[in-house]
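Here are some notes to read alongside the model. Take them one at a time, and keep the picture open as you go.

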Amino acid sequence: MNLATTATTLAANEASQHRPLIISLFAVFVVATLGITVWAGRQTKDAADFYAGGRQFSAFQNGLAVSGDYMSAASFLGIAGAIAIFGYDGFLYSIGFLVAWLVALLLVAEPLRNSGRYTMGDVLAYRMRQRPVRTAAGTSTIVVSIFYLLAQMAGAGVLVSLLLGITSDAGKILIVALVGVLMIVYVSIGGMKGTTWVQMVKAVLLIGGTLLITFLVLLKFDFNISDLLGTAAENSGKGAAFLEPGLQYGATGTSKLDFISLGIALVLGTAGLPHILIRFYTVPNAKAARKSVNWAIGIIGAFYLMTIALGFGAAALISQKEIIESNPSGNTAAPLLALHIGGVDSAWGAILLATISAVAFATILAVVAGLTLASSSSFAHDIYANVIRRGQATEKEEMRAARWATVFIGVVSIALGALARDLNVAGLVALAFAVAASANLPTILYSLFWKRFTTQGALWSIYGGLIVAVGLVLFSPVVSGDPKAMFPDVDFAWFPLKNPGIISIPFGFLMGWLGTTLSKEEPDTGKYAELEVRSLTGTGAH
Amino acid sequence: MATDAPPPSKEQHRLPSTEEFAEVQQSAEFGELRRSFRSFAFPLTIAFVAWYLLYVLLSNYAGDFMGARLFGNINVALVLGLAQFVTTFLIAWWYSRHAAAKLDPKAEAIKTRMEGGA
């Protein structure tokens, strides 16, 4: 047994000695959030309550909830891990994830709030033929959300194997199932109200936990960031290169392209994520939507700045070997950092580890609830009510469909979650961003701003972007032909990049344009007048 | 924390007719609102995406420049990365100021008139 394994086992042993504490912290969060859920469920009477939390949240509350919805296990576990292993290259995630909010702020949040009701499909189908466009919007919402869910499930599996020393597949699947069941309960009972409160609580916990660790890391280096970086570079064994771009992506021309592809996907993905978009319906009007994005940019920006301390702190204080052996993609770097900063053999270290792990667990649950809500509302509102029932379903029937969809999506993501457990969580989320940027963003922008855009254009951009993005992922080294792939033992990867964005995003835009110029039908100018005036003024907004 | 606006009423606002929407869309007042939104948001979007891509490209192809140390272990790459944070905060603030001063009053006037019905 080498040194690193010893340390990791030690971590697990320390954790297991304090297992009652860890389990109590998890339990406190679960019980508190279930309480919130039941309370919110009692207040959920009509569809606007279930889908949009009654549209009564304030801009600050929603900003907090948006942050809670957005800062996922990818941000917390994934980015910290990517920085801890690859140094500066991991930091790109933080930057891309933040800058992306400007697209949402400047182009999407307010028009969407003004012209939609419950889902992304409301806006995409506004001036189009309802059934085909809603089917497409629902499909893409569910696909993007499931990609994202996969990442969260992988994060949950990782946490538990570290904390409880469970490395068996059965143990991991059990915890993934537990997360799945909880999210089904949160969403089907609490609806958007319950989910929003869970996300607010989680945002406060995550910011609090991150501040604490950041403070302790900086304290160790007397608040000298240059020292922290220097120690990280030295301890990583890679020297100054650790602080420069290129360690992960600089090796070859292909990997450099991959870096660009990832960068584009990150910056254009956020404004196409359905679980983020539906949050703008929870505030009274577009002005409040704008303010909630501003709050979110502040909170999220502060958090991503602290990922520097988390990632480089882990690199400075823990050996590379230990980080990698604990999880090949570095996903456990943040909890390990908590353990080390408190002292590996001390109770204080174990308490910090337990706290940070509970925060990560809360993070995963809140994001997973948001994703499930987005996909089940889209199923119920877009596909069931408007496609299957052709707008004839009652609100009661629609909400019942949403609850059943929640159960179904929960079960699907539990099943898929087990497959993805060794992939870097941030990398997986980047795929969801690529799909969102390829299928959803072009269609949203064309719908809002291009007079001539037609139903055929919308269908081509959604399906074109979706199929190419998902197809390229399927044939990429993420799925096969790489030791870290989902199926490492087979190789059908002919697409060299791990992120498809550089091809699939322009393709989505191109298809929207091509579908429109080649379409035989005339655009519905009357409906566009309605959409345009509504989206800029809020006239008739719900 | 409260927002500026009262919660929306449960009853439906009067939704103007298609003709009214078309008329407003063609009006000079709405044209001006659209122009002051688009002429601000579109170029700014292109600008920050370009600035971000420049940063990504520099990371990829200008390793020596990015690795140059400015003080201690702080190099150009880190400073440029932090600059992306700063510009994001500034642009968010700038847009919100523009929207509050130039867009909201115009939008509000049109909305009130249309929903009031005339």
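1. A term to begin with: two residues are in contact if their C-beta atoms, placed from the backbone, lie within 7 Å. With that in hand, look at A:Val435, which touches A:Val143, A:Val144, A:Phe147, A:Leu466, A:Ala469 and A:Val470, leaving aside residues up to four places away in sequence.

2. A word on reading the model: it is predicted, so local features need pLDDT of at least 70 and side-chain atom pairs count only at pLDDT 80 or more, while totals for chains, interfaces and linings use all residues. Residues are numbered from 1 along each chain as its sequence is written, and chains are lettered from A, with ligands numbered from 1, in the order in which they are written.

3. Now chain A. It has 22 helices and zero strands; helices (H or I, at least four residues) and strands (E, at least two) are DSSP runs, numbered from the N terminus. The C-alpha trace of chain A spans about 70 × 55 × 45 Å along its principal axes.

4. How much of chain A is buried? The share is 68% of its 542 residues, where buried means that 20 or more other C-beta atoms lie within 10 Å of a residue's own C-beta, placed from the backbone. Among contacts in chain A between residues at least 6 apart in sequence, 81% link residues at least 24 apart.

5. The largest nonpolar core has 238 residues. Such a core is a set of buried Ala, Val, Leu, Ile, Met, Phe, Trp, Tyr and Cys residues joined through C-beta atoms within 7 Å. A:Val435 returns here: together with A:Ala314 and A:Leu337, it has the most contacts inside this core. Helix H17 (residues 347-388) of chain A gives the largest share of the core, 24 residues.

6. Chain B, please! Its elements run α-α-α-β-β-α from the N terminus on, and 27% of its 118 residues are buried. Among contacts in chain B between residues at least 6 apart in sequence, 61% join residues at least 24 apart.

7. Finally, where do the chains meet? In all, 53 residues of chain B are in contact with 51 residues of chain A. On the side of chain B that touches chain A, two or more residues each come from helix H1 (18-26), helix H2 (28-61), helix H3 (63-67), strand S2 (74-75) and helix H4 (76-116) of chain B. H4(B) supplies the largest share of that side, 18 residues.

Notes: A residue is buried if 20 or more other C-beta atoms lie within 10 Å of its own, exposed if 12 or fewer, and partly exposed in between; C-beta atoms are placed from the backbone.
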